[in-house]
Protein chains: 2
Amino acid sequence: MELSDRKKKILQLVVSDYIETAVPVSSKSLTEKHLTNLSSATVRSELAALEELGYLSQPHTSAGRVPSIDAYKLYVSDLMVKDNLSVNELEYIKKIFLENTNDVEQVIKQTAKVISELTSLTSLAVTSHDESEKINNIKLFRFKPDGALLIIVTDTKLLKDSVIELSQDMSDDRIDEANVLLERMFVGKTFKDICNYNYNLDESFENYKSVFLKVIDALKDYVTTTDDVILEGQDKILQHPEYADLEKLKKFMSVVTKKDKVINLLSNDGRDIKINVKIGTEGYEEMPSDCSVVSATYSVGGVKLGTYGVIGPVRMDYGKVVAVLENVGKILENILSNR
Amino acid sequence: MELSDRKKKILQLVVSDYIETAVPVSSKSLTEKHLTNLSSATVRSELAALEELGYLSQPHTSAGRVPSIDAYKLYVSDLMVKDNLSVNELEYIKKIFLENTNDVEQVIKQTAKVISELTSLTSLAVTSHDESEKINNIKLFRFKPDGALLIIVTDTKLLKDSVIELSQDMSDDRIDEANVLLERMFVGKTFKDICNYNYNLDESFENYKSVFLKVIDALKDYVTTTDDVILEGQDKILQHPEYADLEKLKKFMSVVTKKDKVINLLSNDGRDIKINVKIGTEGYEEMPSDCSVVSATYSVGGVKLGTYGVIGPVRMDYGKVVAVLENVGKILENILSNR
DNA sequence: GGTTAGCAGTCAAACACGTTGAGTGCTAAC
DNA sequence: GTTAGCACTCAACGTGTTTGACTGCTAACC
């Protein structure tokens with residue numbers, strides 16, 4: 001059933017008021033603040049109708065109304081006005097990304113931090129290990145007698161490195177030779193190619209066989225390894241009155257500090273949408289039910305960079321959150337692709 | 001004034017009981033649990049004496065006794081029995097350090113995590129940028145047309161890297177030549193040497209002047225840059241009843257997430273002791289006063305690795321904490337120096 | 001002198017109760 | 001369809017009251 005325009009308007013006011021104040025909204029406050037041409041009794045009957053439809057509920061008979069999960073969903077999809085970020089906020093985002101755009105780790109951390117700061121919510125991030133990422137540059141660098149650093153630069157121009165053990169008899173010359181071969185073999189290939197291809201290292205590799213096997217392992221590791229999870233602004237959750245309860249806080253923290261659970265929260269169920277809003281975390285055990293997660297996946301030139309998002313009370317400022325996620329994504333993608 | 005043996009014994013029991021239970025200890029519970037050959041009235045008069053001396057206090061007249069800051073100090077310096085870690089715990093520590101002993105960042109994180117896990121407290125770490133650290137290996141590695149990675153291996157065999165911008169006309173050959181010069185100039189030198197020495201790059205450096213200046217800047221940066229701060233187990237604080245109060249939690253979080261404040265908390269006031277115990281964080285503004293910090297500085301071969309510690313309620317298990325810090329340090333230093 | 005039993009005193013915590021006021025639903029009139 | 005008026009509900013708050021876990025004190029005892 002389609003809601004009348006007035007019902008929509010009232011529902012929108014209730015949700016946005018409640019998001020702002022965290023207090024059940026009463027018919028009186030609505031007529032005083034927004035609907036000055038209506039009496040509270042009229043609004044009351046509309047509210048009763050909306051409650052009948054499942055969009056509102058009362059904590060107790062003599063309290064105002066609180067939005068239901070369905071109301072939030074409708075609010076996000078239909079009723080909400082997306083925020084515009086202020087010039088200051090946009091400048092702040094840009095400033096953050098001016099430095100350190102080489103180190104993946106740094107970029108992710110900074111991104112998560114910006115998002116957390118601007119939304120006043122705890123932010124989450126998982127790095128994507130995109131199989132279709134192409135290798136642009138690869139090289140071994142000996143840093144101690146029995147160890148070398150494998151440095152990989154990909155499409156997105158972000159650095160990755162890992163340590164490779166060397167056998168004792170690996171001379172510097174042979175590392176140089178190995179580097180030539182490495183370049184020939186892997187530059188221009190995607191991680192997927194490498195995983196699928198079955199390298200049979202013939203006699204020309206004789207001298208480097210063990211090193212090459214380790215390099216291939218390391219490359220495969222980038223794809224199969226469990227994703228990195230970053231958490232920023234854990235303290236932000238304390239600002240929200242719904243988490244004044246210690247038990248809820250504990251639940252929240254215990255989920256948010258567990259890698260696999262976070263990955264689960266940020267998954268977008270295969271749907272290919274830019275911004276993913278999960279209202280009410282039903283189905284996520286251990287999670288307090290009045291939690292929402294809003295996430296976005298960023299990519300550069302078709303290669304996924306990672307998924308970023310925020311987690312907080314269902315009563316969060318979706319307009320602002322969506323605006324922040326969109327803008328951070330836009331700016332980040334811009335900077336990374338124009339290097 | 002020196003305490004009688006019995007007073008010491010009773011004070012020790014009160015502190016350890018309170019640490020365990022978080023409940024003011026009564027004369028009755030002491031005679032029931034530990035001092036079965038004394039009556040509660042006797043203990044009561046001893047408690048009254050200890051209160052007179054400033055070691056104990058009562059939350060209210062009809063409550064048991066709670067240790068004062070002075071009592072904790074005496075407990076740590078004189079009365080406490082240091083814990084022995086279980087075989088399982090020792091194995092757990094060793095296992096953690098088996099991998100990733102090359103990447104500084106990883107080592108620090110893991111160390112902080114182990115400490116947090118074993119003590120059930122929030123752990124803090126600051127990396128030391130020790131001026132006296134010697135450079136073992138240094139090399140530039142081009143990873144994109146206008147950028148190179150500067151890789152430095154030090155005495156402690158831990159990797160450090162930073163990105164150096166390259167001018168457009170820097171050929172690969174010239175990078176190779178620069179690397180030869182870099183090695184000649186910096187290997188065997190300490191960061192201190194480099195900071196103090198005034199490099200006047202004569203005509204033989206003509207081609208690399210700009211790169212060298214950048215490298216020198218990067219090297220100096222390692223020393224002057226503000227230290228990295230790591231935080232682990234922030235959620236652990238929720239387990240302690242003294243932080244059931246939201247305001248305290250906020251204060252705690254706001255300090256613990258601020259770099260400069262953490263560095264301050266972990267500073268050892270120039271005193272050259274292995275384990276530093278700060279009981280009651282008086283003088284640290286914004287910090288709830290009933291906080292303690294226990295920290296230790298780890299080093300390998302005379303080079304400081306960093307300072308690690310825990311922060312939590314004054315009522316923490318000092319015996320356990322000290323044992324964990326000592327053992328983690330021993331094992332870490334061992335592993336790193338025997339590579 | 002140190003130790004103990006007994007007893008009066010204190011006070012937080014828990015519970016019950018009354019009051020208040022912000023909110024509602026319903027109804028009758030406009 | 002809208003509104004004023006009124007009875008009703010119930011969380012929040014403040015005020016007793018009771019309970020029991022402590023203590024300090026005192027007088028007797030070893």
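This is a predicted model: local features need pLDDT of at least 70, side-chain atom pairs count only at pLDDT 80 or more; totals for chains, interfaces and linings use all residues.
## The negative patch

Start on the surface, where A:Asp173, A:Asp176, A:Glu177, B:Asp173, B:Asp176 and B:Glu177 gather in a patch of negative charge. Helix α7 (172–186) of chain A and helix α7 (172–186) of chain B each supply at least two residues of that patch.

Take B:Glu177, which sits in helix α7 of chain B. Its relative accessible area is 41%, so B:Glu177 counts as partly exposed.

## Salt bridges in chain A

The count over all chains comes to 24 salt bridges. One of them pairs A:Lys320 with A:Glu89 at 2.6 Å, N to O. That pair links distant parts of the chain: A:Lys320 belongs to helix α12 (residues 318–337) and A:Glu89 to helix α5 (residues 87–96), 231 residues apart. Both A:Lys320 and A:Glu89 are buried.

Then there's A:Asp290 with A:Lys248, whose closest N and O atoms are 2.9 Å apart. Here A:Asp290 is in the loop between β8 (275–279) and β9 (291–300), while A:Lys248 is in helix α10 (residues 246–256), 42 residues apart. A:Asp290 is partly exposed at 24% relative accessible area, and A:Lys248 is partly exposed at 25%.

Over in chain B, the side chains of B:Lys7 and B:Glu46 form a salt bridge (3.2 Å, N to O). B:Lys7 lies in helix α1 (residues 5–21) and B:Glu46 in helix α3 (residues 40–52), so the pair ties together parts 39 residues apart in sequence. B:Lys7 is buried, with a relative accessible area of 14%, and B:Glu46 is buried too, at 8%.

In chain A, salt bridges with shared partners join A:Arg6, A:Lys7 and A:Glu46 into one network.

Technical notes:
Residues are numbered from 1 along each chain as its sequence is written. Chains are lettered from A and ligands numbered from 1 in the order in which they are written. Side-chain values use heavy atoms; hydrogens and water are left out. Patches are made of residues with over 30% relative accessible area and no salt bridge: like charges are joined within 9 Å, nonpolar side chains (Val, Leu, Ile, Met, Phe, Trp, Tyr) within 5 Å. Accessible areas come from the Shrake-Rupley method with a 1.4 Å probe; for residues, only the protein chains shown count as cover. A salt bridge is a side-chain nitrogen of Lys or Arg within 4 Å of a carboxyl oxygen of Asp or Glu. Lys and Arg count as positive and Asp and Glu as negative; His and the chain ends are not counted. The place of a charge is taken as NZ of Lys, CZ of Arg, CG of Asp or CD of Glu. Helices (H or I, at least four residues) and strands (E, at least two) are DSSP runs, numbered from the N terminus. Buried means under 20% relative accessible area, exposed over 50%, partly exposed in between (1.4 Å probe, protein chains only).
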